[in-house]
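This report describes one protein chain for a reader who is new to structures. Please look at the sequence and the model first, then follow the text from one contact to the wider fold.

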Amino acid sequence: MMGPGGFGALRSLRRGGEATKDATVPKGTTRRILTFVAPYKWPLTVFLVLVVIDAIVSAANPLIYREIINRGIIPGAAASSTGASTAPYVRLIVFLALLIAAISIADAGLALVERYISARVGEGLIYDMRTRVFDHVQRMPLAFFTRTQTGALVSRLNNDVTGAQEAFTDVLSSVIGNLISVGIVLVIMFVLSWQLTLVALCLLPVFMLPARWLGRRLQAITRERYELTAEMNNGMVERFNVAGALLVKLFGHPAAESTAFSDKAGRVRDIDVVQAIYGRFFFISLLLTAALATALVYGWGGVLAVHNELSVGTVVALVAYLNRLYGPLTALSNINVDLMTALVSFDRVFEVLDLPPMIAEKPDAATLPRGPARVEFDRVRFSYPTSADVSLASLESVAVLNDTPGQQVLRDVSFVAEPGQLVALVGPSGAGKTTVSQLVPRLYDVDAGAVRIDGVDVRDASFASLGSAIGMVTQDVHLFHDTIRANLLYAKPDATDAELAAVLGAAQIMPLVESLPDGLDTVVGDRGYRLSGGEKQRIAIARLLLKAPDVVVLDEATAHLDSESERAVQGALQAALAGRTSLVIAHRLSTVRDADQILVLERGRVVERGRHAELLAAGGLYAELYRTQFLGGDGDGDGRARGGDADGGDDPGGGDDADGGEGRQGGDLGQGDVLDEGGIDPDEDDDGLTAERAAGRGA
């Protein structure tokens with residue numbers, strides 16, 4: 001009764017509340033869409049031709065009904081009543097019935113071909129847009145990811161891309177198909193009986209006015225459902241990862257969490273019930289309107305047929321056409337929503353594609369030579385970019401992006417790390433140490449000055465050569481939810497098992513890997529949470545060693561290691577980094593006492609530089625940090641260790657001071673064996689897994 005347009009009509013009425021409310025689309029969006037779909041112009045042409053043919057073919061059946069009745073059934077019955085031959089009429093009826101069947105089969109075949117072409121074009125659009133957005137996002141600077149919401153970015157990659165494709169194919173198939181169908185049906189109906197057609201159309205507002213009200217209600221509750229679903233998804237994402245689950249267990253209130261979630265889920269349930277009722281009401285209203293129009297046509301048309309003013313076949317054909325009219329007309333009444341949804345969805349995708357990467361590779365970028373490298377900072381000034389420079393308001397869930405210039409983080413920083421040297425960066429928190437380390441691999445661009453590797457400004461170097469020449473291990477190690485082998489091969493995809501074993505041994509983690517039931521094929525879990533902090537750090541160091549870069553940046557790379565493991569890894573790094581230029585950030589000064597050069601940063605400036613003994617003797621900020629960390633005092637004699645002088649009365653590099661005297665616990669503190677604050681090592685059992693732990697992690 002309702003015809004194929006009914007489902008499209010309901011979809012159109014429901015669509016648009018969350019996507020097109022108060023939406024404005026920039027000029028040129030339509031032209032960009034046409035450019036985007038240009039590779040599919042021939043399949044789309046075939047698709048549109050098939051839509052037209054399908055609309056014409058499907059409109060033929062009611063006319064055949066008319067001929068069966070007028071030229072077959074009625075005269076055949078009359079001939080039978082008079083005893084005349086009915087054979088010609090029977091043959092005509094059978095022929096026309098077979099013609100209806102053939103047209104129906106052809107219509108079904110056309111529908112399948114249309115669906116195949118629309119699926120190929122639609123999925124092709126999804127593939128093209130999704131890969132283009134992914135590639136574009138991959139080129140965005142680190143600052144972009146520090147500001148955007150991951151969920152919003154993933155939504156652009158999935159929901160908006162899919163929404164653009166669905167809206168586009170709906171506009172092509174439903175809107176164009178409905179326009180042609182309605183045009184053909186109305187022309188035929190007016191030819192058959194313009195009086196009955198006008199009366200039938202007068203009933204359309206009886207359905208359309210409630211349908212439009214229903215559409216606004218559906219949009220409102222659909223928008224609320226989207227918001228509630230997003231809130232539930234955000235809550236689950238935050239609480240169903242290891243860190244979130246741990247926080248809830250330690251500080252949360254499970255009952256309150258369950259209540260809050262069940263309240264949202266209950267509201268979504270209620271909305272779904274209302275949507276189901278509204279949907280049923282829509283279809284019932286459409287069917288009722290069509291039934292009333294059918295009754296009117298049969299009633300008035302029947303009277304006209306009795307008076308021989310209209311044939312019975314024409315009445316039946318008009319009723320059949322009515323069923324093909326109301327659904328498409330209703331869908332077309334909401335065509336503005338369909339078009340706006342398509343434009344908005346595409347525009348949200350274009351919004352991401354139009355955000356230029358703040359850091360771009362030059363067309364004639366140079367390739368850095370491999371081998372021992374010289375790193376130079378030449379009067380570098382730097383401040384972090386504003387959100388307006390690197391992000392989108394819609395990806396940060398803010399109304400307007402902040403464009404206020406940020407505070408300068410680095411001020412005239414200059415130093416040189418010669419090939420093979422180890423340069424340490426120390427200083428209080430917020431001094432700019434990590435910022436310096438991030439400028440070397442060009443995660444950010446300097447505001448003034450230059451960062452050079454072997455005399456080549458990193459802004460002039462190719463990304464590929466920078467990635468090959470520079471390796472970095474940060475304090476917050478990230479491991480993919482994959483096997484140990486896969487995480488290592490990320491640095492060198494063609495590495496052999498022998499190479500993996502060598503770097504794991506150098507990083508002092510091979511005994512642990514060998515103790516696991518699955519060995520290298522052990523899955524490390526979300527962000528590597530199945531491993532302890534020190535174990536993750538050593539896997540990351542092994543990954544760095546496998547990459548074998550020319551310049552190594554270590555940002556608190558041994559922060560999570562216990563004393564014994566730290567000594568072992570320091571020895572491994574010392575051997576592995578021989579001949580390589582290294583920048584090491586450390587708060588535990590024991591790890592940098594043998595550095596070729598120590599740079600002391602404070603408020604974005606290098607305030608001291610030199611070797612360990614020289615800086616201690618100078619009595620500046622480094623000496624103050626050293627005394628505070630190792631002796632726990634303020635340098636006036638009150639904070640001495642048991643066997644040492646906080647002022648370094650003896651040789652600061654040895655003798656009876658914090659390096660060689662009794663430490664806080666009365667033991668001997670050798671190099672690399674410094675206790676954390678409070679005298680407690682945060683990872684004291686990190687030197688290996690017991691058989692029980694190994695079995696549990698390998699399961």
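Arg374 and Glu418 form a salt bridge, with their closest N and O atoms 3.4 Å apart. The two residues are 44 residues apart and belong to distant parts of the chain. Arg374 is in the loop between helix H13 (335–353) and S1, while Glu418 is in the loop between S2 and strand S3 (422–426). The model is a predicted one, and the values below are computed from it.

How exposed are the two partners? Arg374 has a relative accessibility of 30%, so it counts as partly exposed. Glu418 is also partly exposed because its value is 32%, and the limits for this class are 20% and 50%.

**Salt bridges**

The count for the model is 18 salt bridges.

| Pair | N to O distance |
|---|---|
| Arg374 and Glu418 | 3.4 Å |
| Asp457 and Arg459 | 2.8 Å |
| Glu499 and Lys492 | 2.6 Å |

In the last pair, Glu499 is partly exposed because its relative accessibility is 27%. Lys492 is partly exposed too, with a relative accessible area of 27%. Some salt bridges share partners: Arg374, Glu376, Asp378, Glu418 and Arg452 are joined in this way into one network.

The pair of Asp457 and Arg459 shows a contrast in cover. Asp457 counts as buried because its relative accessibility is 13%, which is under the cut-off of 20%. Arg459, at 24%, is partly exposed.

**The open sheet**

Which strands form the open sheet, and in what order? There are four, in the order S2-S1-S4-S5, and their pairing is antiparallel. Strand S2 (408–417) and strand S5 (456–457) are at the edges; each has a single partner strand, so one side of each has no neighbour in the sheet.

Strand S1 (residues 375–383) and strand S4 (residues 448–453) run antiparallel and are joined by five bridges. In this pairing, Phe377 stands opposite Val451 in S4.

**Strand S3 and its partners**

Strand S3 pairs with S8 and with S9. The S3 and S8 strands run parallel and are joined by four bridges. Val423 is placed opposite Leu583 of S8. Strand S9 (residues 597–602) also pairs with S3 in the parallel sense, again over four bridges. Here the bridge partner of Leu425 is Leu599.

Why is S3 described as largely enclosed by the rest of the structure? The reason is that four of its five residues are buried.

**Two buried residues**

Thr581 belongs to strand S8 (residues 581–585). Its relative accessibility is 0%, so Thr581 counts as buried. The side chain of Thr581 comes to 2.3 Å from the backbone oxygen of Ala373.

Which residues does Thr581 touch, apart from neighbours within four places in sequence? The contacts include Arg374 and Glu418, along with Ala373 and Gly420. Asp550, Val551 and Val552 are also among them.

Ser437 lies in helix H16 (residues 433–439). Ser437 counts as buried because its relative accessibility is 1%. Not counting residues up to four places away in sequence, Ser437 touches Met472, Val553, Asp555 and Ile585.

Ile73, Ile74 and Val312 make a nonpolar surface patch of about 240 Å². One of these residues, Ile74, is found in helix H4 (residues 61–82). Ile74 counts as partly exposed because its relative accessibility is 42%.

**The chain as a whole**

The chain contains 25 helices and 10 strands. It has 699 residues, and 46% of them count as buried. The chain exposes about 33,700 Å², and carbon and sulfur atoms supply 58% of that area.

How far along the sequence do contacts reach? Among contacts between residues at least 6 apart in sequence, 78% join residues at least 24 apart.

Key. Residues are numbered from 1 along each chain as its sequence is written. This is a predicted model: local features need pLDDT of at least 70, side-chain atom pairs count only at pLDDT 80 or more; totals for chains, interfaces and linings use all residues. Side-chain values use heavy atoms; hydrogens and water are left out. Patches are made of residues with over 30% relative accessible area and no salt bridge: like charges are joined within 9 Å, nonpolar side chains (Val, Leu, Ile, Met, Phe, Trp, Tyr) within 5 Å. Accessible areas come from the Shrake-Rupley method with a 1.4 Å probe; for residues, only the protein chains shown count as cover. A salt bridge is a side-chain nitrogen of Lys or Arg within 4 Å of a carboxyl oxygen of Asp or Glu. Buried means under 20% relative accessible area, exposed over 50%, partly exposed in between (1.4 Å probe, protein chains only). A polar contact is a pair of N or O atoms within 3.5 Å; within protein, one must be able to donate a hydrogen and the other to accept it, and residues adjacent in sequence count only if both atoms are side-chain atoms. Contact means heavy atoms within 4.5 Å. Two strands pair if DSSP finds at least two bridges between them.
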